[in-house]
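Notebook open, structure loaded. I want to look at pockets first, then at aromatic rings.

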Amino acid sequence: MAQSPKQPLIETTDLVKKFGAFTALNGVSLKVYPGEVHALLGDNGAGKSTLIKLLSGVFAPTSGTINVEGKTVSFVSPRNATDAGIGTVYQDLALNPLASVTRNFFLGRELTHFGGPFGLMKMNEMHRIAAEEMAKIGINIADPEQAVGTMSGGQRQTLAIARAIYFGAKVLILDEPTSALDPEMIAEVLDVIVDLAQDGMTMICVTHEMGFARRAADRMVFMDNGEIIETGSPSEFFDAPKTERCKTFLNQILQH
């Protein structure tokens with residue numbers, strides 16, 4: 001497991017997010033150090049999705065701060081977060097099912113890679129990059145011109161992860177990476193994530209897969225009603241939860 005250096009890669013301090021009279025996040029402070037994997041847990045409505053949307057530039061906080069590598073950032077768009085090294089893979093993946101693997105891999109970068117002012121890349125070079133980057137994390141693509149809609153759910157998830165890493169993600173945020181997958185695909189994707197963790201990739205992963213969390217995470221972060229209720233190592237979290245709310249959550253989820 002990762003050893004924590006002095007400076008966090010990401011640090012939030014007293015993050016608050018309100019939507020009208022509703023407080024979705026209430027004073028969330030979190031430190032994520034390089035090489036750590038944080039498993040973000042909690043029931044629906046606990047604030048997990050709001051937190052990752054603040055970190056990925058979808059929402060701006062009502063108050064509080066976000067620091068990346070020691071510098072306070074103020075994201076006004078997801079592209080700002082991407083440029084700061086935060087790569088986010090959402091449940092819907094933001095892929096075009098009718099387009100090829102290669103075109104999806106470079107989606108949003110067309111001006112640069114398909115004929116923009118920074119120079120041309122030939123299509124066969126882009127095919128090579130897309131195939132090589134996916135192979136690095138365990139998915140071999142026979143035909144980079146294959147339509148993404150014909151790929152398995154696990155392959156599409158891996159494509160989105162490989163794309164984020166290639167375009168400079170220093171920290172990878174994964175929003176329920178197995179929620180839309182058939183059972184036989186879940187192990188495939190979790191193995192990819194575990195391998196990335198072992199290679200030192202910093203990750204924040206919203207998950208309900210307790211076995212995966214115990215196996216891959218350095219820190220468990222349990223949220224409820226917009227607050228972080230409890231944090232700890234996997235062994236502390238599963239074997240000796242400190243709060244009654246956490247004990248109830250574990251009893252409910254581990255029964256299924």
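For my own reference, a pocket here is an open set of grid points with protein on both sides within 12 Å along at least five of seven lines. I'm working from a predicted model.

I looked up the largest pocket and got a volume of about 540 Å³. It has 22 lining residues, and P78, T82, T88, A94 and R163 sit closest to the centre. I checked which elements give two or more residues to that lining: α2 (78–83), β6 (86–89) and α6 (153–166). By residue class, the lining of the largest pocket splits into 13 nonpolar, 5 polar and 4 charged.

I find 14 residues lining it, with N44, G45, A46, K48 and S49 nearest the centre. Here β2 (22–32) and α1 (48–55) each give two or more residues, and the largest share, 3 residues, is from α1. I note 4 nonpolar, 6 polar and 4 charged residues in this second lining.

**Rings**

I count 10 aromatic pairs. One of them is F105 with F106, edge-to-face at 5.3 Å between centres and 70 degrees between planes.

I then traced the cluster: F105, F106, Y166 and F167 make up one aromatic group.

Last entry: I found the charged end of K17 over the ring of F19, 5.1 Å from the ring centre.

Terms used:
Residues numbered from 1 in each chain as written. Predicted model: local features only at pLDDT ≥ 70, side-chain atom pairs only at ≥ 80, totals over all residues. Heavy atoms only, no water. 1 Å grid on protein atoms, 1.4 Å probe; cavity = no way out; pocket = protein on both sides within 12 Å on 5 of 7 lines; lining within 4 Å. Points joined across faces, edges and corners; volume = space filled by probe spheres on them. Helix = DSSP H or I, 4+ residues; strand = E, 2+ residues; numbered from the N terminus. Nonpolar A, V, L, I, M, F, W, Y, C, P; charged D, E, K, R; others polar. Phe/Tyr/Trp six-rings, centres within 6.5 Å; stacked < 30°, edge-to-face > 60°. Lys NZ or Arg CZ within 6 Å of the ring centre and 35° of its normal.
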